[in-house]
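Q: I'm new to this one. Can you put it up and walk me through a few parts?

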Amino acid sequence: MTTGETTQDWQRRWSAVMMNNYGTPPVALVGGAGAIVTDADGKTYLDLLGGIAVNALGHGDPTMAAAIASQFETLGHTSNLYISPPGVELAERLLDKFGHPGRVMFCNSGTEANEAAFKLARLTGRSQIVAAEKAFHGRTMGALAMTGQPAKREPFEPMPAGVHFVTYGDVAELDAAVTDQTAAVILEPIMGESGVIVPPADYLAAARKITADRGALLIFDEVQTGIARTGTFFAHQSAGVVPDVMTLAKGLGGGLPIGAVIAAGEAADLFQPGMHGTTFGGNPVCTAAALSVLNRIDDLDLCNHVAAVGKSIVAGIEELANPAIDHVRGSGLLIGIVLTSDIAKETELAAREVGFLINAPAPDVLRLAPPLILTEEQGATFVAALPKLLHAAAQGANS
Ligand code: PMP
């Protein structure tokens with residue numbers, strides 16, 4: 001596995017040839033098994049980020065590896081000029097999970113799924129989009145235009161026009177913003193990138209009513225929350241709210257690049273031949289991988305597992321009653337630990353030192369989004385270490 005190069009060697013090579021959009025990452029990962037990853041220096045970590053919610057089954061799941069190899073050997077690639085049977089099967093399975101009549105389109109990432117949803121919304125004949133401040137929907141121009149983080153948009157302006165932002169969770173603001181010109185409202189059921197922000201209990205249902213009343217589409221970006229991440233197969237299922245359009249990626253491919261747009265009702269028929277497409281979208285290998293992810297989620301009863309392990313982690317953190325922790329939020333294995341001061345970055349570094357990969361989506365928030373197969377015991381090792389990490393972080397921040 002290792003080539004004899006250290007993390008420092010890789011960092012030197014990286015910074016000589018890679019564009020600077022990620023800076024120089026602190027760790028070079030060379031191996032993984034289950035929820036454990038190994039770096040170039042031979043150090044192991046408990047991977048509590050799972051490639052940021054990508055890794056459904058852990059690293060090296062043998063069933064998934066076999067499904068990928070078998071499909072590649074059978075037929076590695078078609079194009080969208082031809083039918084790919086695993087893609088059809090995956091679409092059927094996703095609609096079954098969705099539980100409503102609809103249609104599916106595949107692409108290669110979450111960004112691309114949202115870009116397609118934006119285009120689909122414009123086909124309604126209306127042009128305006130309502131999105132949430134602080135939301136993250138991706139980095140291509142359309143997805144970025146709907147991303148409620150001005151600093152990410154500003155270097156690339158002008159954005160595609162017609163996007164209006166509202167405060168996430170505020171029903172009155174949403175009610176005022178949606179008009180008969182609104183093509184769609186796009187929302188994350190839980191906002192992942194801005195710090196695992198959970199909306200008030202009635203918010204998604206209110207969004208459903210407001211959009212239905214005005215003839216606008218409701219789009220849920222389930223790129224981070226979907227595929228059992230929050231303890232139900234899709235996050236909107238626990239809220240009992242059915243969107244017109246849903247975007248997926250990340251966990252769907254369990255590590256392989258695939259995104260999907262699912263649309264119900266009239267929205268399902270808006271794209272006509274020639275309007276949209278992509279070479280790799282729905283390719284046999286990635287759709288076979290995603291099918292094996294869905295099979296494993298069912299076989300291992302991962303929705304219930306995720307709900308139980310998530311609860312045990314949250315309860316464990318709450319029991320710490322640590323003064324550096326304000327509260328814990330999220331659902332299933334998408335967990336935000338809200339701190340009483342801005343020491344999340346220092347805590348992320350202290351955690352990495354002792355072998356836990358987590359991240360800090362906001363100055364005062366730690367995020368956990370581990371592989372869905374994480375065990376309660378593994379979660380408990382992090383909870384047990386957390387007070388020391390927070391202490392080290394506070395010292396670091398003060399020094
Ligand atoms: N939407 C949400 C909610 C996300 O969390 C992300 C990725 N963090 C994206 C879209 C973009 O997905 P991708 O990186 O696969 O393009």
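Q: Which residues in H9 are buried?
A: Leu204, Ala207, Arg208, Ile210 and Thr211. Buried means 20 or more other C-beta atoms lie within 10 Å of a residue's own; exposed means 12 or fewer, partly exposed is in between, and C-beta atoms are placed from the backbone. Helices (H or I, at least four residues) and strands (E, at least two) are DSSP runs, numbered from the N terminus.

Q: Before we go on, what kind of model is this, and how are residues numbered?
A: This is a predicted model: local features need pLDDT of at least 70, side-chain atom pairs count only at pLDDT 80 or more, and totals for chains, interfaces and linings use all residues. Numbering runs from 1 along each chain as its sequence is written.

Q: Back to H9. What covers its buried residues?
A: The cover includes helix H8 (171-177), strand S7 (182-187), strand S8 (217-221) and helix H10 (235-239).

Q: How far does H9 reach?
A: H9 covers residues 203-214 and reaches 17 Å from its first C-alpha to its last, close to the 16 Å expected. The expected span is 1.5 Å times one less than the number of residues.

Q: What comes just after H9?
A: Gly215, with a positive phi of about 70 degrees.

Q: New topic: H14. Where does H14 bend?
A: At Leu386, by about 40 degrees. A proline, Pro387, follows within four residues. The bend is the angle between axes fitted to the seven residues ending there and the seven starting there.

Q: And what is its end-to-end distance?
A: The end C-alpha atoms of H14 (residues 376-398) are 33 Å apart.

Q: What do the buried residues of H14 pack against?
A: Strand S3 (44-47), helix H12 (302-320), helix H13 (344-353) and strand S13 (356-357). Phe382 and Leu389 are among those buried residues.

Q: How is the chain divided?
A: Into domain 1 (37-60 + 301-398) and domain 2 (62-299). The bounds come from an automatic or database domain assignment.

Q: How many residues are in contact between the two domains?
A: 24 residues of domain 1 are in contact with 27 of domain 2. Contact means C-beta atoms, placed from the backbone, within 7 Å.

Q: Which element gives the largest share on the domain 1 side?
A: H12, with 5 residues. That side divides into 15 nonpolar, 7 polar and 2 charged residues. Ala, Val, Leu, Ile, Met, Phe, Trp, Tyr, Cys and Pro count as nonpolar, Asp, Glu, Lys and Arg as charged, and the others, Gly among them, as polar.

Q: Where is Gly231?
A: In the loop between S8 and H10.

Q: Why does Gly231 count as buried?
A: Because it has 24 C-beta neighbours inside 10 Å. Gly231 touches residues including Cys303, Val306 and Gly332. Gly332 is 101 residues from Gly231 in sequence, yet they are 4.6 Å apart, C-alpha to C-alpha.

Q: Last one: what surrounds the ligand?
A: 15 residues, and the closest are Ser109, Gly110, Thr111, Val223 and Gln224. Near here means a C-beta atom, placed from the backbone, within 6 Å. Helix H5 (residues 110-122) gives the most to this shell, with 3 residues. The shell divides into 4 nonpolar, 8 polar and 3 charged residues.

Conventions. Lists of a residue's contacts leave out its neighbours within four places in sequence.
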